[in-house]
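Let me put the model up on the screen, and then we can walk around it together.

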Amino acid sequence: MSLGSIVKRNVGPQTWRRLRRVAWPLVRRHRLRFAMSYIGPLVDMAEAWARSDSEDSNFLYALTPMSRLNLTHTLANVFDISVADVGALMEEIETDRAFNDHVRAGLLRLLPGVSSFSIGRRLGWYVAARLTKPKLVVETGVDYGLGSCVLCSALLRNAAEGSPGRYLGLDIRGDAGQLLTPPYAEVGQMIYGDALDSLSAISEPIDLFINDSDHSFDYEAREYETIKSRMSPAAVILGDNSHCSPSLARFSEDNGRRFLFFKEEPAQHWYPGAGIGFSYPR
Ligand SMILES: C[S@@+](CC[C@H](N)C(=O)[O-])C[C@H]1O[C@@H](n2cnc3c(N)ncnc32)[C@H](O)[C@@H]1O
């Protein structure tokens, strides 16, 4: 307990107000130091990031161990399986040497200033793709294709276990998806153009949908409305905008689906973190 709190408990409110006025410069400095003990490390990390030549957006941070643990439990609840089984699937991709080598080599080529990378919350996408065994996965917003490789890696494992599926990555940028090369491209392909137009042209049922393109709330909502009639009965949606947007929660509510949000905590990064919005059938 702080000295201020002890004094406050032992004097009347009037004396406390007088004492506080007199000691105000000291109190203010103490309060600021307390707040800065939280914010200061973030400012240091922001300065280091600004000086570096690393990625400008779509950050490649890892989750803190606590955040990873929370994600494990979230997935166990959403998919109604044991925490140990989720943990085993997470380890599967984390220790996949071929996957890690592929992504590291690709990112080094594309982003020479990046010293380390992690798939971060895409760990949850991997587990979702392993557990739902989708025949068709669609991701809107691909960028370099880190999520594509994560999802296609899950599809390759599913296929080896007798449950094949394929991946479609939708991006408006003609150079997106550079990491989506063999072996991952054997189960996945890019479709270039505006995501809403590309989604309208998909005729097969979508089993797993990842929204990560234009992050305006309205555009995101329109993606969900566009896929509504194309979703298989057990379709799962993973929203990458749910840390700031109500679109997936509202879509779930309006369509009798469950919604749950996992808030990530980045390790060693100033960014406050995004998360995964899970929308799944009741
Ligand atoms: C945050 S990045 C995607 C990151 C990716 N999901 C990953 O796992 O690394 C967002 C991407 O969305 C794409 N994008 C933005 N607006 C779009 C639109 N209207 N249609 C399709 N793609 C769009 C951008 O070109 C960018 O590559």
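Let's begin at the ligand. The shell around it holds 19 residues, and those that come nearest are Gly-141, Gly-147, Ala-195, Ser-213 and Asp-214.

By class, the shell divides into eight charged, six nonpolar and five polar residues. Nonpolar covers Ala, Val, Leu, Ile, Met, Phe, Trp, Tyr, Cys and Pro; charged covers Asp, Glu, Lys and Arg; the others, Gly among them, are polar.

Quick housekeeping. This is a predicted model, so local features need pLDDT of at least 70 and side-chain atom pairs count only at pLDDT 80 or more, while totals for chains, interfaces and linings use all residues. Residues are numbered from 1 along each chain as its sequence is written.

Zooming out, then. The chain has 11 helices and seven strands, and its C-alpha trace spans about 75 × 45 × 40 Å along the principal axes. Of the 282 residues in the chain, 37% are buried. Buried means 20 or more other C-beta atoms within 10 Å of the residue's own, exposed means 12 or fewer, and partly exposed is in between, again with C-beta atoms placed from the backbone. Take the contacts between residues at least 6 apart in sequence: 71% of them join residues at least 24 apart. A contact means that the two C-beta atoms, placed from the backbone, lie within 7 Å.

Now the inside. Which element gives the largest share of the largest nonpolar core? Well, that core has 58 residues, and the ones with the most contacts inside it are Tyr-126, Val-127, Ala-129, Cys-149, Val-150, Leu-151 and Leu-155. By nonpolar core I mean a set of buried Ala, Val, Leu, Ile, Met, Phe, Trp, Tyr and Cys residues joined through C-beta atoms within 7 Å.

Let me pick out Val-127, in helix α7 (residues 122–132). Val-127 counts as buried because it has 27 C-beta neighbours inside 10 Å. Setting aside neighbours within four places in sequence, Val-127 is in contact with Leu-75, Val-86, Leu-89 and Met-90. Thr-72 is 55 residues from Val-127 in sequence, yet the two are 9.3 Å apart, C-alpha to C-alpha.

Ser-5 is exposed, with 9 other C-beta atoms within 10 Å. Its C-alpha atom is separated from that of His-73, 68 residues away along the chain, by 37 Å. Glu-47, in helix α3, also counts as exposed, with 11 C-beta neighbours inside 10 Å.

Next, a helix pair. The axes of α10 (residues 217–227) and α11 (residues 247–254) come within 9 Å and cross at roughly 35°. Those axes are lines fitted to C-alpha atoms over the stretch in contact, with angles running from 0 to 180 degrees between N-to-C directions. On the α10 side the contact is made by Phe-217, Glu-220, Ala-221 and Tyr-224, and on the α11 side by Ser-247, Leu-248 and Phe-251. By class, that gives five nonpolar, one polar and one charged.

Most residues other than glycine have a negative phi, and most peptide bonds are trans. Against that, the bond from Pro-182 to Pro-183 is cis, with omega near 5°, and Pro-183 sits in the loop between β2 and β3 (188–192).

Then there are positive phi values at two residues that aren't glycine: about 45° at Asn-58 and about 55° at Gln-268. Asn-58 is in the loop between α3 (24–51) and α4 (65–79), and Gln-268 lies in the loop between β6 (257–263) and β7 (275–281). Are they buried or exposed? Asn-58 is exposed, with 11 other C-beta atoms within 10 Å, and Gln-268 counts as exposed with 11 C-beta neighbours inside 10 Å.

That's my tour; over to you.

Conventions
Helix = DSSP H or I, 4+ residues; strand = E, 2+ residues; numbered from the N terminus. Near = placed C-beta within 6 Å.
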